[in-house]
Amino acid sequence: MIPFDFEYFQPSSITEAIQLFQQLYEKQKGPLYYGGGTEFTTLGRFMDLTRAVIDIKKIPECNIIEQNGSELVVGAALTLTKLAEDDRFPLLSQVVANVADRTARNQITLGGNINGMIPYREGVLPFLVCDSTCVIAGKNGLRYEPIQQLFKKRLRLEKGEFLVQLRTPLREINAPFYYVKKRKIDKIDYPLISMASIKKEHVIQFAFSGLCAFPFRSIPMEKTLNNQQLPLKKRINQAFLMIPAPIKDDIRGSRAYREFVLQEIVTTMIETLEGGTV
């Protein structure tokens, strides 16, 4: 049970949602945009989060998955279950099918997973490696930003903005891919390390969750690992020096163990994608 009172709104358009946010913000109600509500329900038991929530699930643009020209458009309010069962973005389907359990996936939305407080945010990995574009709604209308520029540890949104869609080039979606998620024990545990990767022409692109305190894609690491003039082991060792933050050391695994697992999965990923077997 949530121990504080709040108002609930369910707008049917982007414009209505933005206007509601501005009105509620001016009334000092600290409005939050609301997707599946799993984190809101969990965290709301322990802290006073807001006096108003704006549920975006009835906004049509947030609920589509369709091809638009040379892109696949994915709405931020789609549940992970819906995306796991849709085969138009195979890498995304595999990644989100391994987030939480089926009951939770029925509620968790893509936008909620990417924007949530839980730091793993695994749903962002396929979009990072596929150079997707975020469609963001705010008081000045819609803006389109490459996810590589907008996602820095988390999605960098201005006050009152929300994620509407992610648009991904079909050439990226149809590229060979490799995905692996390593857990400590439980099949539905948070990741020890989760890695998503694609091979675009002759270049491998990859992103991690669980390795550091935030998900990331590192272009310097990619350049090093794609340098076939060097032996594979040397490429891997040099790339690991470029990891952008300290490797995690927690109850799911020590830093040394994560380094061991990382060595294993990166070696397999490169051998698989460079060898053409997917």
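A: This is a predicted model, in which local features need pLDDT of at least 70, side-chain atom pairs count only at pLDDT 80 or more, and totals for chains, interfaces and linings use all residues. Residues are numbered from 1 along each chain as its sequence is written, and side-chain values use heavy atoms, with hydrogens and water left out.

Q: With which residue does Arg 252 form a salt bridge?

A: Side chains of opposite charge can pair when their charged atoms come close. The criterion is a side-chain nitrogen of Lys or Arg within 4 Å of a carboxyl oxygen of Asp or Glu. Here Arg 252 pairs with Asp 189, with 3.2 Å between the closest N and O atoms. Helices (H or I, at least four residues) and strands (E, at least two) are DSSP runs, numbered from the N terminus.

Q: Is Arg 252 buried or exposed?

A: Buried means under 20% relative accessible area, exposed over 50%, and partly exposed in between (1.4 Å probe, protein chains only). Arg 252 has 18% relative accessibility and counts as buried; Asp 189, at 19%, is also buried.

Q: How many salt bridges are there in the whole structure?

A: The search finds 19. One of them joins Glu 222 to Arg 217, with the closest N and O atoms 2.7 Å apart, and both residues are buried. These two belong to a salt-bridge network that also links Asp 131, Arg 171, Glu 172 and Lys 200. Another salt bridge pairs Asp 250 with Lys 248 at 3.6 Å; Asp 250 is partly exposed at 27% relative accessibility, whereas Lys 248 is buried at 16%.

Q: At what angle do the axes of α11 and α12 cross?

A: Two packed helices are described by the angle between their axes and the distance between the axes. Axes are lines fitted to C-alpha atoms, for helices over the stretch in contact, and angles run from 0 to 180 degrees between N-to-C directions. The axes of α11 and α12 cross at roughly 130 degrees and come within 11 Å. The two helices are therefore oblique to each other (under 35 degrees is roughly parallel, over 145 roughly antiparallel, 65 to 115 roughly perpendicular, the rest oblique).

Q: Which residues of α11 meet α12?

A: Contact means heavy atoms within 4.5 Å. Leu 232, Arg 235, Ile 236, Asn 237 and Phe 240 of α11 meet residues of α12, including Leu 262, Val 266 and Ile 270.
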